[in-house]
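Visitor: Hey, I'm new to this one. Can you walk me through what's here?

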Amino acid sequence: QRISWAPLLVVGYLFYLLLGASVFQLLEKQAESHFRDHFQLEKLRFLQNYSCLDRQALEQFVQVLLEAWEKGVNPEGNSTNPSNWDFSNSFFFAGTVVTTIGYGNLSPSTVAGQTFCVFYALFGVPLNLAFLNQLGKGLNCHLITLERWLQKPGRAQVQLATFLITGTLLFLVFPPLVFSYVEGWSYGEGFYFTFITLSTIGFGDYVVGTNPNKHYIPVYRSLTAIWIVFGLAWLALVFNVGADMMEKFLQLKWHKSNLSLAEGATIKLEDEPEQPRIHIP
């Protein structure tokens, strides 16, 4: 009887989450504590330098800053900063809605905008999935289908390797160079933003075109949105290949394990001496 590999997948999935939680806690908790202590120290120094303020007034001002940030207003700079809702930025925001990236640094603040966003996403997300599906087929039609690659080794593997290498260069390697130059990020930060965006994780800690001290060309964020769409289609294919390979690997392992158990049981039965039969008259 064949054993299902699903329990192994569940255990592996939970183990992967526990491993990630442990590593993130190890790497980030101490740094967070350091930043928190540093922030409290800076507040004390500020109150000492400006004795006319009390702690309550400072806390109220900090709350104002937080509310401004939540509404998409950058506290840095002045009132002459470009609008977050010009056409280029609105186009970029619409792209983050239908692709479910959702950076979180900008969101509608009016009831009408929030209501429209709900219905816009309701129809836009399925439309985006259908579009990405067709785009993925277009990217893949001249290379190889996933099923054919999994069944026929040889030349197809070379085509897939070419597809992966070309896509990696176009969507993961070269874009961070552009973002590093335009945004002033390090290459590592640009690469981090690139992958977090194309995987639709979208933390929102790094977002293009939001630095008030920089002057961007009007179509910068719109071009970024187009890059995101094609990058999403490519990375979705890569994830599908990885998921399919992982499922087949798990199924193969379980199948081999079941065959080994069956063969072992057969050998054991063959090795056992035949027991004498007692005939009762």
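Guide: Happy to. One term before we start: helices here are DSSP runs of H or I, at least four residues long, numbered from the N terminus. Also keep in mind that this is a predicted model.

Visitor: What about the surface? Which residues form a nonpolar patch there?

Guide: That patch is made of Phe87, Phe91, Ile217, Val219, Leu223, Ile226 and Phe230. Together they have about 710 Å² of accessible area.

Visitor: Which helices supply at least two residues of it?

Guide: Those are α3, residues 87-98, and α8, residues 220-271. The biggest giver is α8, with three residues.

Visitor: Where does Ile217 sit, then?

Guide: Ile217 is in the loop between α7 (187-198) and α8. Ile217 counts as exposed because its relative accessible area is 53%, and the cut-off for exposed is over 50%.

Visitor: Back to α3. Which of its residues are buried?

Guide: In α3 the buried ones are Ser88, Asn89, Phe92, Phe93, Thr96, Val97 and Val98. Phe87 and Phe91, on the other hand, belong to the surface patch.

Visitor: How far does α3 span, end to end?

Guide: Its end C-alpha atoms are 17 Å apart, which agrees with the 16 Å that twelve residues should span at 1.5 Å a residue. Just after α3 comes Thr100, with a positive phi of about 60°.

Visitor: New topic: what does α1 look like?

Guide: Helix α1 covers residues 6-49, so 44 residues by the count, and it reaches 62 Å from its first C-alpha to its last. That is close to the expected 64 Å.

Visitor: Where is the kink in α1?

Guide: It's centred on Glu28, and the kink is about 35°.

Visitor: OK, charges now. How many salt bridges are there?

Guide: A search of the whole structure finds four. In general, side chains of opposite charge can pair when their charged atoms come close.

Visitor: Which residue does Glu42 meet in a salt bridge?

Guide: Glu42 meets Arg45, at 3.3 Å from N to O. Both lie in helix α1, three residues apart, about one turn of the helix.

Visitor: Which residue does Lys43 pair with?

Guide: The side chain of Lys43 meets Glu59 in a salt bridge, 2.6 Å from N to O. That pair links distant parts of the chain, with Glu59 in helix α2 (residues 55-70) and Lys43 in helix α1, 16 residues apart. Lys43 counts as buried because its relative accessibility is 9%, with the cut-off at under 20%. Glu59 is partly exposed, at 32%.

Visitor: And what does Arg55 do?

Guide: Arg55 forms a salt bridge with Glu59, and their closest N and O atoms are 4.0 Å apart. Both lie in helix α2, four residues apart. Through shared partners, salt bridges join Lys43, Arg55 and Glu59 into one network.

Visitor: Last topic: which residues does UniProt list as "transmembrane region"?

Guide: The unreviewed UniProt entry lists 6-27, 158-178, 190-208 and 220-243 under that label.

Visitor: How much helix is in the last two of those in the model?

Guide: Residues 220-243 are 100% helix and 0% strand, with end C-alpha atoms 34 Å apart. Residues 190-208 are 47% helix and 0% strand, and their end C-alpha atoms are 10 Å apart.

Visitor: Is Phe193 buried or exposed?

Guide: Phe193, which is found in helix α7, is buried, with a relative accessible area of 2%. Phe193 and Pro176 are 17 residues apart in sequence, and their C-alpha atoms are 8.0 Å apart in space.

Conventions. Residues are numbered from 1 along each chain as its sequence is written. This is a predicted model: local features need pLDDT of at least 70, side-chain atom pairs count only at pLDDT 80 or more; totals for chains, interfaces and linings use all residues. Side-chain values use heavy atoms; hydrogens and water are left out. Patches are made of residues with over 30% relative accessible area and no salt bridge: like charges are joined within 9 Å, nonpolar side chains (Val, Leu, Ile, Met, Phe, Trp, Tyr) within 5 Å. Accessible areas come from the Shrake-Rupley method with a 1.4 Å probe; for residues, only the protein chains shown count as cover. Buried means under 20% relative accessible area, exposed over 50%, partly exposed in between (1.4 Å probe, protein chains only). UniProt positions are given in the numbering used here, feature names are shortened, and annotations may be inferred rather than shown by experiment. The bend at a residue is the angle between axes fitted to the seven residues ending there and the seven starting there.
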